[in-house]
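Subject: Structure handover

Hello,

Here is the structure for your files. My notes on what turned up in it follow below.

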Amino acid sequence: MKTVLVVTFMVALSTSDFAQPDGTTMLHDCNLDISQDGGKKLEGIESLDAMACVSYVAGYLDAVHFFSDLGDDLACFPTERLATLQAEKILVKYLGAHPEQLHKSAEFLLARSLQEAFPCDKEK
């Protein structure tokens, strides 16, 4: 059983969408995860896709908060810790408003969406 899990995980990691997602991939994967919040049950590949979104966004938020603690604000959140699901919803809303950017990298789009949602006051 352990071998099956390891092989499944390695196959998931080897896909290009998982390794370097773009806006189209994130829009799909994050919409799946958000649908779970509404009560939808996901199975199989949909569950893995939703988990990829959660993992990516949570990791990004960890990095943002880490750098914020060092004094380098990448975005200025109104609370100490932004919930992953809230960040996913902000990203999906941004992607819906900017479909011309879906080809761009997930890290760029996530940064841009959070900066737009929580702009920093440059005069501080």
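α3 passes α5 in a left-handed crossing (left-handed if the near helix is turned anticlockwise from the far one by less than a right angle, right-handed if clockwise). Helices here are DSSP runs of H or I with at least four residues, strands are E runs of at least two, and both are numbered from the N terminus.

First, the ground rules. This is a predicted model, where local features need pLDDT of at least 70, side-chain atom pairs count only at pLDDT 80 or more, and totals for chains, interfaces and linings use all residues. Residues are numbered from 1 along each chain as its sequence is written, and side-chain values use heavy atoms, with hydrogens and water left out.

The helix pair

The axes of α3 (residues 23-37) and α5 (residues 84-97) come within 9 Å. They cross at roughly 130°. Axes are lines fitted to C-alpha atoms, for helices over the stretch in contact, and angles run from 0 to 180 degrees between N-to-C directions. The two helices are therefore oblique to each other (under 35 degrees is roughly parallel, over 145 roughly antiparallel, 65 to 115 roughly perpendicular, the rest oblique).

On the α3 side, the contact uses G23, M26, L27, C30, N31, D33, I34 and D37. On the α5 side are L85, E88, K89, L91, V92 and L95. Contact means heavy atoms within 4.5 Å. The residues of this contact divide into 8 nonpolar, 2 polar and 4 charged. Ala, Val, Leu, Ile, Met, Phe, Trp, Tyr, Cys and Pro count as nonpolar, Asp, Glu, Lys and Arg as charged, and the others, Gly among them, as polar.

G96 also lies in α5. G96 is exposed, with a relative accessible area of 56% (buried is under 20%, exposed over 50%, partly exposed in between; 1.4 Å probe, protein chains only). G96 and L27 are 69 residues apart in sequence, yet 8.3 Å apart in space, C-alpha to C-alpha.

The core

The largest nonpolar core has 24 residues. Such a core is a set of buried Ala, Val, Leu, Ile, Met, Phe, Trp, Tyr and Cys residues joined through side-chain atoms within 4.5 Å. M26, V57, F77 and L114 touch the most other members. The largest share, 6 residues, comes from α5. Leaving aside residues up to four places away in sequence, L114 touches Y60, L61, A75, F77, L82, A87 and I90.

The whole chain

The chain has 6 helices and 0 strands. Of its 124 residues, 31% count as buried.

Best wishes
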